[in-house]
Amino acid sequence: MPDLMQYPDRAVLATDLAELVADQLVEAIETRGKASLAVPGGTTPGPFLKALSTQDIAWEKVSVMLTDERFVPEDSARSNTRLLKETLLQGKAEAAMLVPMVASLARPSPRLRGEVRRGALQPEDVIPAFIEGVNPTLPLDVVVLGMGEDMHTASLFPEADKLAEALGDDAPTLLPMRAEGAGEPRITLTAPVLRGARYVHLLISGPAKLEALQKALLEGPEAEAPVRVILARDDTEIHYAE
Ligand code: 6PG
């Protein structure tokens, strides 16, 4: 059963987890000369990502990517890439190498923006290029994941269209994902990539997520609670503050 670490508040969680992740990245750099890190988007990780950006490590040797992205232009308030650039990729950590998930959407032309809005450009069109960027960084040294109250992690949503494929041992590195609760189409790292990381952390806050976590820790199919993909590993560390 994974360890549940409870922190007195979200600020302490953010700084403690940032120090822990920084130590693990340093260990990777010392051992292999480089490190890879995947972090979640959404509303929870902002303070952690900001705290991590101040850590004094050889950021130019670190590849950073998202665990999943929403298929929106980067100037959308829902863009996880935008969150990453505004929080982690600042100060010392600006030197890190961003492995882009939706590179073509970074500075979208009006035409591209229109194509995304109309659905003429889809995740399937950009995924092959992104897989080429991610594969050389595998296995990931550190992955930090978030979780929704529906027990999804990354964009592995219960009931998502390609969930079964994404949970399989031979899933490709990334898959497009569409699900009712997801808002827009997503691009997500798949289960073998998440399971295969050297260090895995789950970052959650608030009593509703604690309750969802307790449900997910019970035995049952991964398809019902996709976060089980990482909870099945005893060495996953869960970081919680109310
Ligand atoms: C996203 C994610 C997702 C997130 C959870 C929790 O883009 O939505 O990366 O997996 O971690 O949905 O989101 P909150 O932190 O906003 O509750």
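## Lys85 and helix α3

At 31% relative accessibility, Lys85 counts as partly exposed, a class that falls between buried (under 20% relative accessible area) and exposed (over 50%), with a 1.4 Å probe and protein chains only. Lys85 lies in helix α3, which covers residues 80-86, where helices (H or I, at least four residues) and strands (E, at least two) are DSSP runs numbered from the N terminus. The C-alpha atoms of Lys85 and Leu98 are separated by 9.2 Å, and these two residues are 13 residues apart along the chain.

This is a predicted model, in which local features need pLDDT of at least 70 and side-chain atom pairs count only at pLDDT 80 or more, whereas totals for chains, interfaces and linings use all residues. Residues are numbered from 1 along each chain as its sequence is written, and side-chain values use heavy atoms, with hydrogens and water left out.

## The ligand and its surroundings

The ligand is surrounded by 14 residues, of which Thr43, Thr44, Asp68, Ala154 and Lys209 are the closest; a residue is counted here if one of its heavy atoms lies within 4 Å of the molecule. By class, this shell holds three nonpolar, seven polar and four charged residues, where Ala, Val, Leu, Ile, Met, Phe, Trp, Tyr, Cys and Pro count as nonpolar, Asp, Glu, Lys and Arg as charged, and the others, Gly among them, as polar.

Taken alone, the ligand exposes 410 Å², and the protein buries 89% of that, with accessible areas taken from the Shrake-Rupley method with a 1.4 Å probe.

## The loop between β6 and α6

Ala154, one of the residues closest to the ligand, is placed in the loop between β6 and α6, and Met151 is found in this loop as well. Although neither is a glycine, Ala154 has a positive phi of about 45 degrees and Met151 has a positive phi of about 70 degrees. Ala154 counts as buried because its relative accessibility is 7%, and Met151 counts as buried because its relative accessibility is 9%.

Leu138 and Pro139 are joined by a cis peptide bond, with omega at about -5 degrees. Pro139 is found in the loop between α5 (123-134) and β6 (142-145).

## Two further buried residues

Glu69 has its place in strand β4, residues 68-70, and counts as buried because its relative accessibility is 1%. The C-alpha atoms of Glu69 and Gly41, residues 28 apart along the chain, are separated by 7.4 Å.

Arg233 is found in the loop between α9 (228-231) and β10 (237-241), and at 17% relative accessibility it counts as buried. The side chain of Arg233 reaches the backbone oxygen of Arg195 at 2.7 Å, while a polar atom of the Arg233 side chain lies 3.2 Å from the backbone oxygen of Arg198.

How values were computed:
A polar contact is a pair of N or O atoms within 3.5 Å; within protein, one must be able to donate a hydrogen and the other to accept it, and residues adjacent in sequence count only if both atoms are side-chain atoms.
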